[in-house]
Amino acid sequence: MTDGLIAPHGGTLIINLASQTEQQELRERGQALPQIVIGSRQLADLEQLANGAYSPLKGFLNRADYESVVNTMHLSNGLPWSVPVTLAVSSEQAEKLQEGSEVALLDQAGELQAVLTLEEKYTYDKRHEARQVYRTEEEAHPGVKVVYQQEDVLLGGPVRIVSLQQQNFAQYRYTPTQSRQLFAERGWKRVVGFQTRNPVHRAHEYIQKCALETVDGLYLHPLVGDTKSDDIPAAVRMRCYEVLLENYYPANRVLLGVLPASMRYAGPREAIFHALMRKNYGCSHFIVGRDHAGVGNYYGTYDAQKIFAEFDPVLLGITPIFFENAFFCRECQSMASQKTCPHSAEQHVALSGTKVRQLLREGTLPPREFSRPEVARILIEAMREPVA
(Lines give C-alpha, C1' and ligand atoms only; values in the text may rest on other atoms or scores of the structure.)
Protein backbone atom coordinates (compact mmCIF):
# COMPACT_ATOMS: atom_id res chain seq x y z
CA MET A 1 0.00 0.00 0.00
CA THR A 2 1.13 3.58 -0.60
CA ASP A 3 1.21 4.40 3.11
CA GLY A 4 3.64 1.54 3.74
CA LEU A 5 1.24 -0.32 6.02
CA ILE A 6 0.45 -4.01 5.73
CA ALA A 7 -2.34 -4.84 3.26
CA PRO A 8 -5.67 -5.96 4.73
CA HIS A 9 -6.45 -9.68 4.78
CA GLY A 10 -7.37 -10.62 1.23
CA GLY A 11 -5.86 -7.38 -0.13
CA THR A 12 -8.73 -4.91 0.40
CA LEU A 13 -10.82 -3.70 3.31
CA ILE A 14 -14.34 -5.01 2.71
CA ILE A 15 -16.64 -2.32 4.11
CA ASN A 16 -20.20 -3.64 4.41
CA LEU A 17 -21.71 -0.50 5.95
CA ALA A 18 -24.34 0.91 3.59
CA SER A 19 -24.11 4.52 2.43
CA GLN A 20 -26.66 6.97 3.83
CA THR A 21 -28.73 6.78 0.64
CA GLU A 22 -28.62 2.97 0.68
CA GLN A 23 -29.46 2.92 4.40
CA GLN A 24 -32.65 4.85 3.73
CA GLU A 25 -33.60 2.49 0.92
CA LEU A 26 -32.92 -0.55 3.10
CA ARG A 27 -34.98 0.86 5.98
CA GLU A 28 -37.93 1.36 3.67
CA ARG A 29 -37.53 -2.07 2.09
CA GLY A 30 -36.86 -3.75 5.43
CA GLN A 31 -40.37 -3.05 6.71
CA ALA A 32 -41.79 -5.62 4.31
CA LEU A 33 -39.06 -8.25 4.75
CA PRO A 34 -39.08 -11.33 6.99
CA GLN A 35 -37.49 -10.37 10.32
CA ILE A 36 -34.92 -12.10 12.52
CA VAL A 37 -34.01 -10.73 15.97
CA ILE A 38 -30.30 -11.12 16.69
CA GLY A 39 -28.28 -11.12 19.92
CA SER A 40 -25.22 -9.27 21.17
CA ARG A 41 -22.64 -11.52 19.49
CA GLN A 42 -24.25 -11.07 16.07
CA LEU A 43 -24.51 -7.31 16.67
CA ALA A 44 -20.77 -7.28 17.37
CA ASP A 45 -20.15 -9.38 14.25
CA LEU A 46 -22.18 -6.92 12.19
CA GLU A 47 -20.02 -4.03 13.40
CA GLN A 48 -16.85 -5.90 12.47
CA LEU A 49 -18.39 -6.72 9.08
CA ALA A 50 -19.46 -3.10 8.67
CA ASN A 51 -16.06 -1.54 9.33
CA GLY A 52 -13.84 -4.04 7.50
CA ALA A 53 -12.31 -5.77 10.56
CA TYR A 54 -13.63 -9.10 9.23
CA SER A 55 -12.19 -8.59 5.74
CA PRO A 56 -12.47 -10.44 3.39
CA LEU A 57 -15.91 -11.52 4.71
CA LYS A 58 -18.98 -9.95 3.16
CA GLY A 59 -21.41 -11.52 5.59
CA PHE A 60 -22.21 -14.67 7.52
CA LEU A 61 -20.50 -17.82 6.25
CA ASN A 62 -22.17 -20.04 3.68
CA ARG A 63 -21.88 -23.83 4.00
CA ALA A 64 -18.68 -24.25 1.98
CA ASP A 65 -16.84 -21.57 3.94
CA TYR A 66 -18.29 -22.72 7.28
CA GLU A 67 -17.18 -26.32 6.77
CA SER A 68 -13.79 -25.23 5.46
CA VAL A 69 -13.19 -22.92 8.44
CA VAL A 70 -14.29 -25.52 10.98
CA ASN A 71 -12.26 -28.33 9.42
CA THR A 72 -9.21 -26.58 7.93
CA MET A 73 -9.02 -23.09 9.51
CA HIS A 74 -9.19 -21.62 6.00
CA LEU A 75 -11.95 -20.17 3.88
CA SER A 76 -12.94 -22.21 0.82
CA ASN A 77 -10.72 -19.92 -1.30
CA GLY A 78 -7.66 -20.92 0.75
CA LEU A 79 -7.28 -17.78 2.86
CA PRO A 80 -6.60 -18.40 6.57
CA TRP A 81 -9.68 -17.92 8.77
CA SER A 82 -9.95 -19.81 12.04
CA VAL A 83 -13.30 -19.02 13.72
CA PRO A 84 -16.72 -19.38 12.06
CA VAL A 85 -18.83 -16.22 11.86
CA THR A 86 -22.40 -17.48 11.70
CA LEU A 87 -26.06 -16.56 12.15
CA ALA A 88 -28.27 -19.28 13.63
CA VAL A 89 -32.07 -19.44 13.51
CA SER A 90 -34.66 -22.04 14.49
CA SER A 91 -35.95 -24.62 12.01
CA GLU A 92 -39.34 -22.90 12.16
CA GLN A 93 -37.81 -19.53 11.25
CA ALA A 94 -35.70 -21.08 8.50
CA GLU A 95 -38.70 -22.75 6.88
CA LYS A 96 -40.27 -19.35 6.24
CA LEU A 97 -37.18 -17.99 4.50
CA GLN A 98 -36.36 -18.49 0.84
CA GLU A 99 -32.83 -18.68 -0.51
CA GLY A 100 -32.22 -15.74 -2.80
CA SER A 101 -34.50 -13.46 -0.77
CA GLU A 102 -33.66 -10.72 1.71
CA VAL A 103 -34.02 -10.91 5.48
CA ALA A 104 -34.19 -7.98 7.93
CA LEU A 105 -31.93 -8.38 10.98
CA LEU A 106 -33.26 -6.52 14.03
CA ASP A 107 -31.85 -5.84 17.48
CA GLN A 108 -33.75 -6.66 20.67
CA ALA A 109 -35.51 -3.27 20.52
CA GLY A 110 -36.84 -4.03 17.05
CA GLU A 111 -34.51 -1.60 15.24
CA LEU A 112 -33.23 -2.63 11.80
CA GLN A 113 -29.50 -3.35 11.95
CA ALA A 114 -28.81 -4.97 8.60
CA VAL A 115 -30.30 -6.69 5.59
CA LEU A 116 -29.04 -10.17 4.75
CA THR A 117 -29.23 -11.53 1.22
CA LEU A 118 -29.88 -15.18 2.02
CA GLU A 119 -27.69 -17.32 -0.23
CA GLU A 120 -28.00 -20.51 1.77
CA LYS A 121 -29.63 -22.06 4.82
CA TYR A 122 -28.07 -25.22 6.19
CA THR A 123 -27.83 -27.45 9.24
CA TYR A 124 -24.60 -28.12 11.11
CA ASP A 125 -23.11 -30.41 13.72
CA LYS A 126 -22.68 -28.45 16.95
CA ARG A 127 -20.53 -31.08 18.66
CA HIS A 128 -18.23 -31.26 15.65
CA GLU A 129 -17.83 -27.47 15.71
CA ALA A 130 -17.11 -27.61 19.44
CA ARG A 131 -14.45 -30.30 19.02
CA GLN A 132 -12.75 -28.59 16.10
CA VAL A 133 -12.90 -24.95 17.18
CA TYR A 134 -12.76 -25.23 20.98
CA ARG A 135 -11.02 -28.63 21.33
CA THR A 136 -13.69 -29.84 23.75
CA GLU A 137 -17.34 -30.88 23.82
CA GLU A 138 -17.81 -29.78 27.44
CA GLU A 139 -20.62 -27.30 27.97
CA ALA A 140 -18.64 -25.86 30.87
CA HIS A 141 -16.50 -24.14 28.23
CA PRO A 142 -18.12 -20.71 27.66
CA GLY A 143 -17.58 -20.83 23.89
CA VAL A 144 -19.00 -24.33 23.57
CA LYS A 145 -21.98 -23.32 25.71
CA VAL A 146 -22.82 -20.54 23.22
CA VAL A 147 -22.68 -22.99 20.29
CA TYR A 148 -24.93 -25.50 22.06
CA GLN A 149 -27.44 -22.77 22.92
CA GLN A 150 -27.64 -21.58 19.33
CA GLU A 151 -30.51 -22.54 17.07
CA ASP A 152 -30.14 -25.41 14.60
CA VAL A 153 -30.03 -23.77 11.15
CA LEU A 154 -27.36 -21.36 9.86
CA LEU A 155 -28.09 -18.57 7.40
CA GLY A 156 -25.30 -17.67 5.00
CA GLY A 157 -24.96 -14.66 2.77
CA PRO A 158 -23.73 -11.07 2.42
CA VAL A 159 -25.05 -8.29 4.63
CA ARG A 160 -25.50 -4.58 4.24
CA ILE A 161 -25.37 -2.89 7.61
CA VAL A 162 -27.81 -0.08 8.28
CA SER A 163 -26.89 0.93 11.85
CA LEU A 164 -24.40 -0.08 14.52
CA GLN A 165 -24.81 -1.28 18.10
CA GLN A 166 -24.49 1.24 20.93
CA GLN A 167 -21.11 2.90 20.56
CA ASN A 168 -19.54 2.61 24.00
CA PHE A 169 -16.03 4.11 24.22
CA ALA A 170 -16.80 6.05 21.02
CA GLN A 171 -13.61 8.14 21.27
CA TYR A 172 -11.54 4.95 21.07
CA ARG A 173 -13.73 3.04 18.60
CA TYR A 174 -11.51 3.45 15.56
CA THR A 175 -12.48 1.59 12.42
CA PRO A 176 -9.68 -0.13 10.48
CA THR A 177 -9.78 2.78 8.02
CA GLN A 178 -9.33 5.26 10.87
CA SER A 179 -6.58 3.34 12.68
CA ARG A 180 -4.67 2.98 9.42
CA GLN A 181 -4.99 6.72 8.86
CA LEU A 182 -3.72 7.44 12.38
CA PHE A 183 -0.77 5.08 11.91
CA ALA A 184 0.09 6.74 8.59
CA GLU A 185 -0.16 10.24 10.12
CA ARG A 186 2.34 9.20 12.78
CA GLY A 187 4.67 7.73 10.18
CA TRP A 188 4.25 4.21 11.55
CA LYS A 189 4.76 1.31 9.12
CA ARG A 190 5.60 -1.51 11.54
CA VAL A 191 2.87 -1.62 14.17
CA VAL A 192 2.44 -4.27 16.87
CA GLY A 193 -1.06 -5.08 18.11
CA PHE A 194 -1.87 -6.25 21.63
CA GLN A 195 -5.12 -8.03 22.47
CA THR A 196 -6.40 -8.02 26.02
CA ARG A 197 -9.58 -8.58 28.00
CA ASN A 198 -7.80 -7.92 31.32
CA PRO A 199 -6.10 -4.95 33.02
CA VAL A 200 -2.47 -4.52 31.98
CA HIS A 201 -0.07 -5.57 34.73
CA ARG A 202 3.71 -5.28 34.76
CA ALA A 203 4.21 -8.55 32.88
CA HIS A 204 2.01 -7.30 30.01
CA GLU A 205 3.75 -3.92 30.08
CA TYR A 206 7.11 -5.64 29.84
CA ILE A 207 6.27 -7.69 26.75
CA GLN A 208 4.57 -4.71 25.09
CA LYS A 209 7.65 -2.57 25.59
CA CYS A 210 9.98 -5.33 24.44
CA ALA A 211 7.95 -5.55 21.22
CA LEU A 212 7.83 -1.77 20.93
CA GLU A 213 11.63 -1.66 20.87
CA THR A 214 11.51 -3.39 17.46
CA VAL A 215 8.63 -1.57 15.71
CA ASP A 216 7.32 1.96 15.12
CA GLY A 217 4.23 1.87 17.29
CA LEU A 218 2.04 -0.15 19.66
CA TYR A 219 -1.70 -0.49 19.13
CA LEU A 220 -3.12 -1.35 22.55
CA HIS A 221 -6.41 -2.85 21.43
CA PRO A 222 -8.54 -4.25 24.26
CA LEU A 223 -11.65 -6.25 23.43
CA VAL A 224 -14.82 -4.58 24.78
CA GLY A 225 -17.55 -6.90 23.49
CA ASP A 226 -19.11 -9.79 25.42
CA THR A 227 -16.85 -11.50 27.94
CA LYS A 228 -17.45 -13.92 30.83
CA SER A 229 -19.46 -12.54 33.76
CA ASP A 230 -16.43 -12.80 36.06
CA ASP A 231 -14.11 -10.87 33.74
CA ILE A 232 -13.40 -7.28 34.81
CA PRO A 233 -15.89 -4.87 33.17
CA ALA A 234 -14.65 -3.00 30.11
CA ALA A 235 -15.25 0.44 31.65
CA VAL A 236 -12.94 -0.40 34.57
CA ARG A 237 -10.30 -1.83 32.28
CA MET A 238 -10.38 1.28 30.09
CA ARG A 239 -9.65 3.49 33.12
CA CYS A 240 -6.67 1.24 33.88
CA TYR A 241 -5.33 1.56 30.33
CA GLU A 242 -5.74 5.33 30.34
CA VAL A 243 -3.84 5.86 33.59
CA LEU A 244 -1.12 3.42 32.56
CA LEU A 245 -0.53 5.09 29.18
CA GLU A 246 -0.59 8.54 30.79
CA ASN A 247 2.19 7.67 33.22
CA TYR A 248 4.37 4.95 31.72
CA TYR A 249 4.27 4.99 27.89
CA PRO A 250 5.54 7.48 25.30
CA ALA A 251 2.44 9.18 23.87
CA ASN A 252 3.87 9.36 20.35
CA ARG A 253 4.54 5.63 20.20
CA VAL A 254 1.27 4.16 21.50
CA LEU A 255 -2.37 4.32 20.37
CA LEU A 256 -5.27 3.05 22.49
CA GLY A 257 -8.30 1.76 20.59
CA VAL A 258 -11.06 -0.75 21.31
CA LEU A 259 -12.11 -3.93 19.54
CA PRO A 260 -15.93 -4.22 19.66
CA ALA A 261 -15.87 -7.99 19.19
CA SER A 262 -17.14 -10.77 21.47
CA MET A 263 -14.75 -13.20 23.14
CA ARG A 264 -15.03 -16.79 21.96
CA TYR A 265 -12.45 -18.22 24.42
CA ALA A 266 -11.25 -20.44 21.58
CA GLY A 267 -7.61 -20.34 22.66
CA PRO A 268 -5.26 -21.16 19.75
CA ARG A 269 -7.85 -20.60 17.03
CA GLU A 270 -8.84 -17.28 18.54
CA ALA A 271 -5.20 -16.18 18.56
CA ILE A 272 -5.24 -16.52 14.76
CA PHE A 273 -8.63 -14.79 14.60
CA HIS A 274 -7.38 -11.89 16.73
CA ALA A 275 -4.23 -11.59 14.64
CA LEU A 276 -6.16 -11.42 11.37
CA MET A 277 -8.45 -8.71 12.71
CA ARG A 278 -5.43 -6.66 13.84
CA LYS A 279 -3.94 -7.12 10.37
CA ASN A 280 -7.05 -5.44 9.00
CA TYR A 281 -6.61 -2.61 11.50
CA GLY A 282 -3.12 -2.06 10.07
CA CYS A 283 -0.88 -4.03 12.45
CA SER A 284 2.12 -5.76 10.89
CA HIS A 285 2.93 -7.66 14.10
CA PHE A 286 0.86 -9.24 16.87
CA ILE A 287 1.86 -10.21 20.40
CA VAL A 288 0.95 -13.74 21.48
CA GLY A 289 1.75 -14.49 25.09
CA ARG A 290 0.86 -17.20 27.53
CA ASP A 291 -2.53 -18.93 27.10
CA HIS A 292 -3.90 -16.39 24.63
CA ALA A 293 -7.75 -16.32 24.68
CA GLY A 294 -7.72 -19.35 26.94
CA VAL A 295 -10.12 -20.36 29.66
CA GLY A 296 -9.83 -22.99 32.38
CA ASN A 297 -7.41 -25.79 31.51
CA TYR A 298 -8.63 -26.47 27.99
CA TYR A 299 -5.43 -25.42 26.21
CA GLY A 300 -1.72 -25.89 26.74
CA THR A 301 0.19 -22.87 28.00
CA TYR A 302 1.75 -22.09 24.62
CA ASP A 303 -0.69 -23.82 22.22
CA ALA A 304 -1.74 -20.39 20.91
CA GLN A 305 1.84 -19.84 19.76
CA LYS A 306 2.33 -23.30 18.28
CA ILE A 307 -0.75 -23.00 16.04
CA PHE A 308 0.90 -20.31 13.91
CA ALA A 309 3.25 -22.97 12.53
CA GLU A 310 0.21 -24.59 10.84
CA PHE A 311 -0.24 -21.61 8.51
CA ASP A 312 1.60 -20.32 5.47
CA PRO A 313 3.18 -17.13 6.85
CA VAL A 314 2.74 -15.37 3.50
CA LEU A 315 -1.02 -16.07 3.45
CA LEU A 316 -1.32 -15.16 7.13
CA GLY A 317 0.54 -11.92 6.44
CA ILE A 318 0.85 -10.64 10.00
CA THR A 319 3.95 -11.59 12.01
CA PRO A 320 3.39 -13.08 15.48
CA ILE A 321 5.76 -12.14 18.30
CA PHE A 322 5.87 -14.83 20.96
CA PHE A 323 6.56 -14.21 24.63
CA GLU A 324 6.94 -16.55 27.56
CA ASN A 325 5.40 -15.80 30.94
CA ALA A 326 7.07 -12.70 32.41
CA PHE A 327 7.75 -11.85 36.06
CA PHE A 328 9.83 -9.58 38.25
CA CYS A 329 13.06 -11.19 39.50
CA ARG A 330 14.34 -9.83 42.80
CA GLU A 331 17.86 -11.05 42.04
CA CYS A 332 17.97 -9.54 38.53
CA GLN A 333 16.13 -6.47 39.84
CA SER A 334 14.13 -6.34 36.62
CA MET A 335 11.29 -7.87 34.65
CA ALA A 336 12.34 -11.09 32.93
CA SER A 337 11.21 -14.47 31.65
CA GLN A 338 12.64 -17.98 31.74
CA LYS A 339 14.54 -17.07 28.58
CA THR A 340 16.46 -14.27 30.25
CA CYS A 341 16.53 -15.05 33.99
CA PRO A 342 18.78 -17.75 35.53
CA HIS A 343 17.32 -17.55 39.05
CA SER A 344 14.95 -19.84 40.89
CA ALA A 345 11.20 -19.34 41.29
CA GLU A 346 11.76 -18.19 44.89
CA GLN A 347 13.23 -14.97 43.47
CA HIS A 348 10.27 -14.32 41.17
CA VAL A 349 7.30 -12.11 42.04
CA ALA A 350 4.43 -14.03 40.46
CA LEU A 351 0.89 -13.82 41.78
CA SER A 352 -2.10 -15.90 40.80
CA GLY A 353 -5.26 -14.16 39.64
CA THR A 354 -7.00 -15.47 42.76
CA LYS A 355 -4.34 -13.94 45.03
CA VAL A 356 -4.51 -10.60 43.23
CA ARG A 357 -8.30 -10.46 43.52
CA GLN A 358 -8.02 -11.28 47.25
CA LEU A 359 -5.55 -8.41 47.80
CA LEU A 360 -7.71 -5.98 45.83
CA ARG A 361 -10.85 -6.97 47.74
CA GLU A 362 -8.98 -6.31 50.98
CA GLY A 363 -8.00 -2.88 49.67
CA THR A 364 -4.32 -3.91 49.64
CA LEU A 365 -2.09 -2.80 46.78
CA PRO A 366 -0.30 -5.75 45.14
CA PRO A 367 3.50 -5.45 45.04
CA ARG A 368 4.75 -2.67 42.72
CA GLU A 369 6.70 -5.36 40.90
CA PHE A 370 3.39 -6.96 39.90
CA SER A 371 1.07 -4.02 39.27
CA ARG A 372 1.47 -0.28 38.88
CA PRO A 373 -0.16 1.33 41.95
CA GLU A 374 -2.27 3.65 39.78
CA VAL A 375 -3.83 0.61 38.08
CA ALA A 376 -4.29 -1.27 41.36
CA ARG A 377 -6.09 1.71 42.94
CA ILE A 378 -8.61 1.80 40.11
CA LEU A 379 -9.27 -1.92 40.54
CA ILE A 380 -9.66 -1.58 44.32
CA GLU A 381 -12.11 1.28 43.85
CA ALA A 382 -14.06 -0.73 41.28
CA MET A 383 -14.39 -3.65 43.71
CA ARG A 384 -15.93 -1.31 46.25
CA GLU A 385 -18.53 -0.01 43.80
CA PRO A 386 -21.99 -1.56 44.25
CA VAL A 387 -22.98 -4.01 41.53
CA ALA A 388 -25.49 -2.41 39.17
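This is a predicted model: local features need pLDDT of at least 70, side-chain atom pairs count only at pLDDT 80 or more; totals for chains, interfaces and linings use all residues.
Residues are numbered from 1 along each chain as its sequence is written, and side-chain values use heavy atoms, with hydrogens and water left out.

Helices and strands here are DSSP runs numbered from the N terminus, with at least four residues of H or I for a helix and at least two of E for a strand. Two strands are said to pair if DSSP finds at least two bridges between them. In general, strands of a sheet pair through backbone hydrogen bonds, either parallel or antiparallel.

Strand β4, residues 102-106, pairs with β5 in the antiparallel sense over 5 bridges, and within that pairing Leu105 stands opposite Ala114 of β5. The two strands form a hairpin with 5 residues between them, and in the turn Gly110 has a positive phi of about 85°. On its other pairing, β4 meets strand β1, residues 35-37, in the parallel sense over 3 bridges, with Val37 opposite Leu106 in β4. Strand β5 in turn is joined antiparallel to strand β7, residues 153-161, by 3 bridges, and there Val115 stands opposite Arg160.

How well covered are these strands? If we call a residue buried under 20% relative accessible area, exposed over 50% and partly exposed in between, using a 1.4 Å probe and protein chains only, then β4 is mostly covered, with 4 of its 5 residues buried, and β5, residues 112-117, is mostly covered as well, with 5 of its 6 residues buried.

Next, the helices. Two packed helices are described by the angle between their axes and the distance between the axes. The axes are lines fitted to C-alpha atoms, for helices over the stretch in contact, and the angles run from 0 to 180 degrees between N-to-C directions. Angles under 35 degrees count as roughly parallel, over 145 as roughly antiparallel, 65 to 115 as roughly perpendicular, and the rest as oblique.

The axes of α5, residues 126-134, and α6, residues 142-149, come within 10 Å and cross at roughly 160°, which makes α5 roughly antiparallel to α6. Taking contact to mean heavy atoms within 4.5 Å, Lys126, Arg127, Glu129, Ala130 and Tyr134 of α5 meet Gly143, Val144, Val147 and Tyr148 of α6.

Helix α3, residues 63-72, also approaches α5, with axes that come within 8 Å and cross at roughly 50°, and α3 and α5 are therefore oblique to each other. Here the contact is made by Tyr66, Val70 and Asn71 of α3 together with His128, Glu129, Gln132 and Val133 of α5.

I turn now to an open sheet of 5 strands, whose order is β10-β9-β8-β11-β12 and whose pairing is parallel. Because β10 (254-256) and β12 (319-322) each have a single partner strand, they stand at the edges, and one side of each is left without a neighbour in the sheet. Neighbouring strands of this sheet are turned by 25° against each other on average, direction ignored. Strand β9, residues 217-222, is joined to β10 by 3 bridges, with Tyr219 opposite Leu255. Helix α10, residues 268-281, lies across β8, β9 and β11 (285-288), running at about 150° to β11.

Finally, two single residues. Thr196 sits in strand β8, residues 191-196, and counts as buried because its relative accessibility is 6%. Its side chain reaches the backbone oxygen of Asn198 at 2.7 Å. Leaving aside residues up to four places away in sequence, Thr196 touches Leu220, His221, Pro222, Leu223, Arg237 and Tyr241.

Arg377, by contrast, is found in helix α14, residues 373-384, and counts as partly exposed because its relative accessibility is 47%. Arg377 and Ile307 are 70 residues apart in sequence and 37 Å apart in space, C-alpha to C-alpha.

How values were computed:
A polar contact is a pair of N or O atoms within 3.5 Å; within protein, one must be able to donate a hydrogen and the other to accept it, and residues adjacent in sequence count only if both atoms are side-chain atoms.
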